[in-house]
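Trainee: I would like to go through this structure with you. Could we begin once it is on the screen?
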Amino acid sequence: LSGVKVTDAASARRAARAISALGPKYVLVKGGHLQGPICEDLLFDGKSFKVFRSPRVDTKNTHGTGCTLSAAIAANLALGADPREAVKEGVAYVAGAIKHTLPLGGGHGPLNHCWRME
């Protein structure tokens, strides 16, 4: 979307600014595809950045993280959370779903969407 290859925190900020210039009030750049022991998701409101950090989990079961994150954020917004809180809760939910994955199949398995019920 931005034309910027995101490889680190600086390029994530450039990408967020480029997407923000297209008109959205908030831009979230996921950091799960980057390297390192901590995943950093970056929220930009057109003026300032907020970084949401979660520990990286060594698992191949990460299929659906983006869809799950966007759905969790949307659900929190529907419940009345402000955008920053909605992203914070969404990131925490996905981090837990990755941490509690179920090793299904032979490839990249799914998250455990029911982890909070266990």
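This is a predicted model: local features need pLDDT of at least 70, side-chain atom pairs count only at pLDDT 80 or more; totals for chains, interfaces and linings use all residues.

Trainee: What is the order of the strands in the open sheet?
Mentor: The order is E1-E2-E3, with antiparallel pairing. Helices (H or I, at least four residues) and strands (E, at least two) are DSSP runs, numbered from the N terminus, and two strands pair if DSSP finds at least two bridges between them.

Trainee: Which strands stand at the edges?
Mentor: Strands E1 (27-29) and E3 (49-55) do; each has a single partner strand, so one side of each is left without a neighbour in the sheet.

Trainee: How many bridges join E1 to E2?
Mentor: Three bridges join E1 to E2 (residues 38-44). Val 27 has Phe 44 in E2 as its bridge partner.

Trainee: Now Asn 112: is this residue buried or exposed?
Mentor: Asn 112 is buried, with a relative accessible area of 5%; buried means under 20%, exposed over 50%, and partly exposed in between (1.4 Å probe, protein chains only). Asn 112 is placed in the segment after helix H3 (83-99).

Trainee: Which residues is Asn 112 in contact with, leaving aside neighbours within four places in sequence?
Mentor: They are Ala 97, His 100, Thr 101, Leu 102 and Glu 118, where contact means heavy atoms within 4.5 Å.

Methods. Residues are numbered from 1 along each chain as its sequence is written. Side-chain values use heavy atoms; hydrogens and water are left out.
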